[in-house]
Amino acid sequence: MLRGVGDAFAERLTELVGASLAGRDPGREGLARLLAAPDARTLEIVAAVSRVREAAFGRRVKLNLLLNIKSGLCPEDCHYCSQARDSTAPIAAYPMVGEETFLAAAARARELGATRLCLVASGRGPTEREVARVARGVEAVKARDGAMEVCACLGLLGEGQAERLGAAGVFAYNHNLNTSEAFYGEICGTHGFADRRATVERAKAGGLSPCSGALFGMGEGDADVLDAGYALRAMEPDSVPVNFLIPIEGTPLAGLNALTPQRCLRILAVFRLLFPRAEVRIAGGRETHLRSLQPLGLHLANSIFIGDYLTTKGQAAEADLAMIADAGFEVEGGGPAVPPAPALAVALKRGPLE
Ligand code: SF4
C-alpha cells in the first residue's frame, strides 16, 4: 500500500509503539483501531510493533515444553476443551503420571532447548494428594536439572497450595483468564471469570510467577479481546500465553473458524503493546491459524511451545527450530543439545521426522 506524508494510521501506530516502549498504556482506542485494521496493514503493524519485542527480548525466543500430567475426565464444561465433562472428543484419559514421566519430559525439554517445563493437569483444581504428587515430581526434576524452570497449571488453587508448590521448586503458575468477563458465560458454565482471576491472585500471593493469558477464536468480538487484555494487564502477569482456538470435534466449538492469520497477528500485536516487558507466548493453535505466517509471529511474541499441545499435535520440534533459525532468531538459553542439521529443511517437506 502506498502511503503519503501524514498517513494518520502510520502516525497512530508510531504513537502506540512509543507509549508501549515508555511503559505507558497505549490506549484502548488506538488498540481497537489496530485490531480492526485492514489485512493490508498487517505487515506494517508487525514491523512497527516488533520494536517493542526487540527492546525487551532482542532476537531471543524462549521455548517451553508441555507435559499433560493428567488427562480427561474433567467435571468442568469449558466449551473449547476436549477434556471437558461433555466433550466426546476421543482423547486419552489417565490419572496423574508418576515421577519417571516428569523426569523424561524434563530431559526431552533440555534436549530440544526448552528452558521451561509446563505441567498441565485436567480438572477443576488439584486435590491435596495431587499437589503432593506434583511436588514430588518437581523435586525430582529440580534435583536432576536445577536450572529447568517449572510451571504448573492445575486449575483453581485452594488455600496454601501455591505455597506448597513453590516450596517444591515450582517457579510459575499458569491460569488463563481466557476471555473477557462479559463473554466468559458463553464459554463456561461451571466456574466464572472471578474464580479464574482469584486463582491468578492466589498464585501471585503464594510467591509463584503469574502466567495468565487468553484464548481467541471462540466468537468473541474486538471489545472482548481488549477487555481480556486489559484485565490481564491489571494483574501484571510475568508471562502471557496467547492461544488460538483449535475447534476440536466433539466439543461445542467444533467447526468454528473465526480467525485468519492476519487477525492472529493483530491480536499478538495488541498483546505485545499491552505487555511490553512480559513474556508473550504464542501457544495453542499457532500452526492451525498462523500457518505459513508463523515466522511473523516471532517478531511480536518472544516465546512458543515446542512439540505437542495438550490433546493435539504441534508441528515437529525440528521444524520449529528450523523456523526460528531461518527467521533470524535464536533460542534463549543456548538452544537444543543437538542442533538440527542444515539438510533438515528438505526432510521437513516430507513430513515430521518423529
Ligand atoms: S480447561 Fe481445564 S477446567 Fe476446563 S474443561 Fe478443560 S481440563 Fe477442565
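Predicted model: local features only at pLDDT ≥ 70, side-chain atom pairs only at ≥ 80, totals over all residues.
The ligand is surrounded by residues from several stretches of the chain. The surrounding residues are C74, E76, C78, C81, Q83 and A84, together with S122, G123, R124 and G155. Sorted by class, this shell holds 4 nonpolar, 4 polar and 2 charged residues.

Two packed helices are described by the angle between their axes and the distance between the axes. Helix α1 spans residues 8-21 and helix α3 spans residues 42-57. Their axes come within 10 Å and cross at roughly 15 degrees. Angles under 35 degrees count as roughly parallel, and α1 and α3 are therefore roughly parallel to each other. The crossing of these two helices, α1 and α3, is right-handed. On the α1 side, the contact is made by L13, T14, V17, S20 and L21. On the α3 side, these residues meet E44, I45, A48, V49, R51, V52 and A55. By class, the contact of α1 with α3 comprises 8 nonpolar, 2 polar and 2 charged residues.

The remaining residue considered is A168. A168 is found in helix α6, which covers residues 161-168. When residues up to four places away in sequence are not counted, A168 touches A135, V138 and E139. A168 and V131 are 37 residues apart in sequence, and their C-alpha atoms are 9.9 Å apart in space.

Conventions. Residues numbered from 1 in each chain as written. Near = placed C-beta within 6 Å. Nonpolar A, V, L, I, M, F, W, Y, C, P; charged D, E, K, R; others polar. Axes fitted to C-alpha atoms, helices over the stretch in contact; angles between N-to-C directions. Helix = DSSP H or I, 4+ residues; strand = E, 2+ residues; numbered from the N terminus. Parallel < 35°, antiparallel > 145°, perpendicular 65-115°, else oblique. Left-handed = near helix turned anticlockwise from the far one by under 90°. Contact = placed C-beta atoms within 7 Å.
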